[in-house]
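Please keep the sequence and coordinates at hand while reading.

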Amino acid sequence: MTPKTFTQEIRLEDGRIITIETGKLAKQADGSVVVRMGDCMLLATAVSAHKASPVNFLPLTVDYREKFAAAGRFPGGFFKREARPSDQEVLTMRLVDRVLRPLFPKDYHAETQVMIQLMSHDENVMPDALAGLAASTAIQLSDIPFEYPISEVRIARIDGLFVINPSREQLETSDIDIMIGASQDSVSMVEGEFDEISEEEMLDAIAFGHEAIKAQIKAQVDLVKAVGKKEVRSYDEEEKDEALEKIVHEGTYRLYYDVAKKGLSKAERSKEFSEIKDAFKINYSEEELEEKGKLISRYLGGSQKKAVRDLVLEEGIRLDGRKTTDIRPIWCEVDYLPSTHGSSLFTRGETQALATVTLGTSREANMIDNPTNRGEENFYLHYNFPPFCTGEARPLRGTSRREVGHGNLAQRALKKVMPDECPYTVRIVSEVLESNGSSSMATVCAGTMALMDAGVKITKPVSGIAMGLISDGDRFAVLSDILGDEDHLGDMDFKITGTENGITACQMDIKIKGLRFDIMTQALGQAREGRMHILKHITDTISAPSEDVKAHAPKMINRRIPNEFIGAMIGPGGKVIQELQKESGCTIVINEDPVTEEGIIEILGTSPEGIAMVEAKIDSVTFKPKVGNSYEVKVIKMLDFGAVVEYTDAPGNEVLLHVSELAWERTENVSDVVNLGDILQVKYFGIDSRTRKEKVSRKALLERPEKKD
């Protein structure tokens, strides 16, 4: 029996069509949809348990996977099966998760999974731009409680014109690459990278993307109407006790408010907040705490949150005593680690990042082998967030999604200022040593200084800042350089990086239902002032990239040779290049440039003598004497019919100097004219037509004796 399907189309401005279809696949899921654009097809499913989980939060999992079969490829590696998600897949999961999570009911705690998989790939379609649309549509088709539909789009700007959901090839010529997540009424997520654009240009891109999202939301609504909207399921709501909530508020609100107003450090503040909680709980017996303990803890948290937020809105005072526009104290240091190729420390308040830079050859490039993207990165950044940076002892379970996301944001921020002709592969590692607000922006600042300390000729230094928001609907306050608690208790986390000329990257998450454009405009303007303040601390510490790499860091020399000489440089079985690396102490990498049909030789070494040895070998291998020129040679072998000579400027290049070309007079014995080790001049005649061998002559440079009568 052929299943009944329902379809809606979304027509983009350039005529391309996005199709959303349901009814054919994965019908046992609570909701499922296939989203198609060109030959790209995504299957999204949403399933949620009918019983609440015992945890006091929503256990939501958003999973995105790209199947190699979708691109007609086999997985790499020994086991021919997809394994752990790639960074690209993790980043897509985060993009979708950040838009969906705030829209589930606050008291909905059932295990929920949204799974998206790429089933068919199209080279001209980037599937991550469709993942948000697919996830939201699957939820809308289900009975899972969810406030309203959302969607996501990618916006590029090519030759001054905005493009919706561009191809990867189009992105290469774009000065904007931004992903936007939004509902019908407001933007809730932004993440992207830019070629130093202005705040106004960024707002224009967001507004353009929001209009495209509205059309995608209408298509979701129309599809649900065609299928028939399912009745939203009932669920076990959180236990409530309004009388207890009032008692907790009246007993602790003013105490929390007074502590928040003291401007204490994170540790001191946490201690006094805990004392308030403990003192309040003393009023209850063990039996009462056993029965109402979870409710009391929840209401205590609500009382603390309201006190902190009210303090900002009513008095403009923040937890650490700052005003809304103040930046925490900053100190910086470069060249902190003696053995790294570049290093820096950036400390802002109670957040500290230690960044290192390592320089290498193309052999150290980060290889990307995904179904939708293959290539390599010659600049990449890794971000580590160990438990001790927040004073915790928790299990180490490998690189987290958060670490992948924060590292990617910092990498995008700094990638824009990397030099076009950087000979190195550059790796930055950020170790977060302390964290109380925006360690990713500290990573950007530390990374900038470490690059300059390493002698990488970045075009401009980059700084970053995280902006927050406290709003009660009527009043609002935009906070510069937010604390960790302000991120947790606030309504927005808006990270912005840039140079003195413009924005290079951003990441914004909104926890409230909508963000007005006037608030976003104020946040961007306030952020620019903060970025410039932080940038001055950076440039006061190190004003420009070091003139050269450090003495112990490798120097990189790139040489190009005709392809015909690559074999001679490598030698049989790699013998020549292996011996040369051993003798010179250098790392030598040879690649072919398919465009120019040349060999590119990378020489990486710390010894100038070793580098000179490799360059001399290259000169020797590629040496081609020109017809008519004279060259200095050394006699290296004596033969009955001549002498084998070696060009002194190209050791290893030998040629026969025939006995007949030694002198104008008849030469009976070669040793009558030259001996082993002699240095002399010869003229080069090219290939002799008779012998088909190279011909050089000593006598051609001598004055010809007059003929005797």
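The largest nonpolar core contains 133 residues, of which Leu 100, Met 202 and Phe 494 touch the most other members. A nonpolar core is a set of buried Ala, Val, Leu, Ile, Met, Phe, Trp, Tyr and Cys residues joined through side-chain atoms within 4.5 Å; buried denotes under 20% relative accessible area, exposed over 50%, and partly exposed the range in between, with a 1.4 Å probe and protein chains only. The model is predicted, so local features need pLDDT of at least 70 and side-chain atom pairs count only at pLDDT 80 or more, whereas totals for chains, interfaces and linings use all residues. Residues are numbered from 1 along each chain as its sequence is written, and side-chain values use heavy atoms, with hydrogens and water left out.

Leaving aside residues up to four places away in sequence, Met 202 touches Val 190, Phe 194, Ile 197, Phe 494, Ile 503, Cys 506 and Leu 524, contact meaning heavy atoms within 4.5 Å. Another core, of 22 residues, lies apart from the largest one and includes Leu 264, Ile 296, Leu 311 and Leu 483.

Attention now turns to the sheet. Five strands form an open sheet of mixed pairing in the order E11-E12-E13-E17-E16. Strands E11 (330-334) and E16 (379-384) stand at the edges with a single partner strand each, so one side of each has no neighbour in the sheet. The twist averages 15 degrees from one strand to the next. Helices (H or I, at least four residues) and strands (E, at least two) are DSSP runs numbered from the N terminus, and two strands pair if DSSP finds at least two bridges between them.

E11 and E12 pair in the antiparallel sense over 5 bridges, with Thr 347 in E12 as the bridge partner of Trp 331. E12 and E13 also run antiparallel, joined by 7 bridges, and Ser 343 has Thr 356 in E13 as its bridge partner. These two strands form a hairpin with 2 residues between them, and Gly 349 in the turn has a positive phi of about 60 degrees. E13 (residues 351-360) pairs with E17 (residues 425-434) over 9 bridges, again antiparallel.

How many residues of E12 are buried? The count is 7 of 7. Gly 342, Ser 344, Phe 346 and Arg 348 point one way, and Ser 343, Leu 345 and Thr 347 the other.

Helix H9 (residues 439-453) lies across E11, E12, E13, E16 and E17, running at about 145 degrees to E12. Helix H11 (residues 517-541) lies across E11 and E12, at about 35 degrees to E11. Such angles run from 0 to 180 degrees between N-to-C directions, with axes as lines fitted to C-alpha atoms, for helices over the stretch in contact.
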